Each structure stands twice: as C-alpha cells, then as structure tokens.
Amino acid sequence: MDMQRIPAQDGIYNLQNFDKTRETFSWEDVKKNFSWNETGKVNIAYEAIDRHAEDTDKKDKTALLYSSPDREEKLTFDELSKKSNQFANVLKKYDVEKGDRVFLFLPRSPEFYAAFFGILKTGAIAGPLFEAFMEQAVRDRLQDSEAKMLITTPDLLGRVPQEDLPDLEKIVLVGDHNESSDKYIDFQKEMKEASTDFDIEWVDLEDGMLIHYTSGSTGKPKGVYHVHNAMIQHYATAEWVLDLNEDDVYWCTADPGWVTGTSYGIFAPWLKGVTNVIRGGRFSPENWYGTLDKFNVTIWYTAPTALRKLVSAGEDAVKKHDLSSLRHIMSVGEPLNPEVITWGMKAFDLRIHDTWWMTETGAQLIVNIPSEEIRPGSMGKPIPGVEASIVDNEGNELPPNQMGNLAIKKGWPSMMRKIWNRPEKFESYFVNGWYVSGDSAYKDEDGYFWFQGRLDDVINTSGERVGPFEVESKLIEHPAVAEAGVIGKPDPERGEIIKAFITLNDGYKDSPELLEEIRQFIKTGLSAHAAPRELEVKDAIPKTRSGKIMRRLLKSWELGLPTGDTSTLEE
Ligand code: ATP
Ligand code: MG
C-alpha cells in the first residue's frame, strides 16, 4: 500500500467540514434547492435549464460552450430552453408521450443537448447511444428498450438497422439528407416550424428519465434505468465534489453515451447553472490542453486513460499552454494510478481527485473531497448520505483491511430503479440490504476505500489474491511502460499465474532484457508473487469506448476463448 498522503491545497471549498457534515446530513436538506420543493411540480429539464432561463440574471449566461474541429457555438440558458421547447413540440407532434423511449445516436453537438432536454420535457425517457456504435450494438439497444423514436444524422443512418425494430416509428435526421419516406423527420425543417413555448410535462420524482446501457467491460450491456429523483444527488455532488460555483467554467470529457457524460456532463453543471464546455471530435494531448487553455477551464473531470496519455506526452506538452485558470481536477471510470497523481502534482501543481461510482449508481458515491487529505491509490471516502462497506458473499460486513465486495447501503437518491426488461438481474445486485457493486476493495482504519479490481478480475496465484490494478500501477511506474493490462492465466501448479500485457513509451524497444528488467522492477517494488510470470508487449491495450481496459478480452484472446459481446470495444 502506498502510504503517501497529500493534504488539501489552499482554497475555499463548498464542503469544508466533511466528517461533521456526514454526521448531521440529511437528503431532505438538499431538496430545498429545487423549485419542486415548493411547487410540487417536477422535471429535471426544468431544474437544469428553464429555471435559469426564467431568472433575469441568468438567462443570458452561457450554458453551453461548444467546440469541435469544424464548429464553435455558444448557447445561453434562454436559447437552450427555447431550442429544447421547440424539439419537445416536434416530439409531441409525432405522438411521443410520457414514458416512451426516445434514443439519441448523435455526435456531441448543440443539437444533441437541445434534443436531449426536449425529450425530458415531454416526460419521455432518453436513451443516449455512443456515436461510434456499429449496427449490431445499435440494434441490441433499440430492440431491448423498444424505442419509439431515434434521433440521428444522415452519416450515422447507415448503422441504424432498417429491419427487426417493430417499435421504432420515426427517425429524426439532423443534417441534409435525401430520405423521402414518411418514416423520416427533418430536424431543421420541423424546428423552424415549432413554437419556442412548451408546456413541460410535470412528472413524479420516481418517473423514468434515462436509460443507459453500461459499457460492457464484463459482458452483455444492460439497460440501466434512472428516474428524475437522481437530480438530488447530482446537485449535492456538483456542490461538494465538483465544487462548482457561479463563475466556474467546467469541462467533463465524457461522451453522453456513458453515464458520466449525462450525470456530470449535463445534469450536475446545469443544475448548478454553470457554464459547461462541450468538446466534440477525437482527443489528443494537444487538444486536451488546448481546450483547457482556450476556454479558461477552471474545473476538469476526466478519466485515467486520458491522464495516462498526458503522462506519456511528457511535461513539455503542458508547458506550451496557459493552464492557470484550472483549479480542480477529478477522475473517474477506472482506478487512478498513484503515478498519475504524482505526475499531476508536478505538471499542474494540482491534486487529481479520484471518484468512484458506476452506471447503476447514477452519481458519485466514494470520492476525494477537495478540502480533505487524499491518499494516492485510494478512491477516498463515501459522500455524506451514503453508507459504504466491504461485505462477504452473504452481505456480512468485514473488518478493516480485509478485501471483499464493495457494497452500498440501499437507498441513495440516484440509484437505478430497474434493469430494463430484466427484473431478475436487478434483484441480483442486492444482498442483505446492500447493493453489491461487483468491485473488490478494502477499507482502511481511517475509512478510506482502496479499489482492488473487478471481482471477476481478481487473480488467485499460489493462494495469494492479487488485484490487477496494483500490478498495472506498478508497471506504469517503469519509464518504458505506457499502459498495462494484467490478467490471471490458469496454471496447473499455481492456480493462476500473472500475465501482463504492456505498451511501450516512445524510444523503447521490445527485448528480453527490457522485459526481465520490468519483471525485476515489480518484484523488488511490489512483491515476488505479484511479478508477472509472463510479459507481452502489444501495440495497444483493448479498451472500451469509455476508456476502460478490457481485461476480459485480453483473457479470452490469451486462452483462445470466444470474445463475447465486443460492441463497446474501441477500434
Ligand atoms: P459492465 O457493467 O457492463 O461490465 P462497466 O462496469 O465497465 O460495464 P460502468 O458502469 O461505466 O460500466 O463502469 C463502472 C465500473 O468502472 C466500476 O464498477 C469500476 O469497476 C470502474 N470504476 C469506476 N470508477 C472507478 C474508480 N474511481 N476507481 C476504480 N474503478 C472505477
Ligand atoms: Mg459494471
């Protein structure tokens, strides 16, 4: 365990007294921030957009700062409110009703956000799909959700199945096209004709808002169903963890096809009325830094995969830019390697704050709070209002420092309410009042949680349980190693042996000497039993499109097994 600790940096943070807040906190207090607390009328689109558009001080504030290689655009809260009203009117014209599923298969663009809120304003359930999905992935999700309408572009239409979707009535096309059948709706034309006024559909806090198909690191994607009530936790974490304030410029790099891109790319910043940078197109270290610099981003939420690329790009790349506005960085999606945090302190003079949560949990649960000490390698502590623990398979709590199932006491506001069409799958998450996450971790004496791996990934070698994350983190500390994916490989003698796949940084060549040096580096730096018996250099490590290492796939390849669902595999 890395015992290094990094104290909080100077700053006036929204959550100052973490331990005391945890003791006295009630979710009821957060509800006072919403208009429905007085009116009883609920819709997350109203709280995120229209409420600010109705506020004379806020209506002309920039809500969306959009930038892609070929387009730049700004939308104020007022403009976003009106555009989403127009789209809601288009949907009503074509009979979309409360509870219907309306899917978006669109690149990040101003139209995406107008359409997204338009859907929510009708009371329908939005289903964002990542733009890089191929036909089978699109079919699976539209079929499973029985989507009634799809919004896409003429470019992406080729990947929308034309058969086997009996529920799909209409397809809205954003952009010039030659489709003449009445199955297609022309976005531009309809928007022009639609009124900018709309009577929002007021719903219940427990009514459906969103379906996300999980990224599929472990198997077939499942339709995770969220309700409007989630806004309570989006709001609280926007304040405590994102530390958003009136003048912040916020950038979340996640695509809205993944839960981070909606909970924290859409809801959290806009519930707080903050200017939100949306960057389209592909990423490289140059345009990550360029975006932070150009828009004077103050708060940045990104992922380990991106940060590891920045580390590989070196410190000189940072120095070319003025990042002096940046005051707070967070990470999610995968374990945050301590090496990356150490590098962040050098490159940005800022701590990188890990946050742990998942599609099913709807919002952050275990986090590093800006005003608290962080311990590199640890995910931090549960937010106020959330009880987390390590349990055994029967749901009994385990003592500190013992590795087990990371579990959350049922009942936090943003928890999924079902898995679409699969009630038995939903039930299977809960044991003895705990939501069991499928991740393994331990808790130290001070209540910090330490991620060890997905339960399926934990390696049992000669009777020792080894988390792949620990080995991967040590591997990337070696100057030659850019990325690493570690698996257990069946072995008649040892149960499993550790096999590591690595990619090399520029300037290093695959050789038996280098691999032996890396092995020794793990052996002396971590432990003999954790040193990979096999090391293989690859050109790339397979990852999901949301940036997670797909150890399941490495294992299937290694063992020559069927690869299962790979719809979320990055090319
Ligand atoms: P599927 O459930 O379909 O296999 P997935 O689990 O990759 O897909 P997500 O819900 O996007 O889909 O990811 C949640 C998972 O990501 C967590 O269960 C955990 O394994 C990992 N994760 C997220 N944040 C962190 C973090 N801060 N540290 C370590 N792991 C994290
Ligand atoms: Mg999962």
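Among contacts in the protein chain between residues at least 6 apart in sequence, what percentage join residues at least 24 apart? I get 68%, with contact meaning heavy atoms within 4.5 Å.

Ground rules: this is a predicted model, where local features need pLDDT of at least 70, side-chain atom pairs count only at pLDDT 80 or more, and totals for chains, interfaces and linings use all residues. Residues are numbered from 1 along each chain as its sequence is written, and side-chain values use heavy atoms, with hydrogens and water left out.

**Whole chain.** I looked up the secondary structure and found 19 helices and 27 strands (DSSP runs, H or I of at least four residues for helices, E of at least two for strands, numbered from the N terminus). The C-alpha trace spans about 70 × 55 × 55 Å along its principal axes. I also checked burial: 62% of the 571 residues are buried, that is, under 20% relative accessible area with a 1.4 Å probe, protein chains only.

**Start of α4.** Here a side-chain oxygen of Asn 43 comes to within 2.9 Å of the backbone nitrogen of Ala 45.

Definitions and conventions
Chains are lettered from A and ligands numbered from 1 in the order in which they are written. Buried means under 20% relative accessible area, exposed over 50%, partly exposed in between (1.4 Å probe, protein chains only). A polar contact is a pair of N or O atoms within 3.5 Å; within protein, one must be able to donate a hydrogen and the other to accept it, and residues adjacent in sequence count only if both atoms are side-chain atoms.
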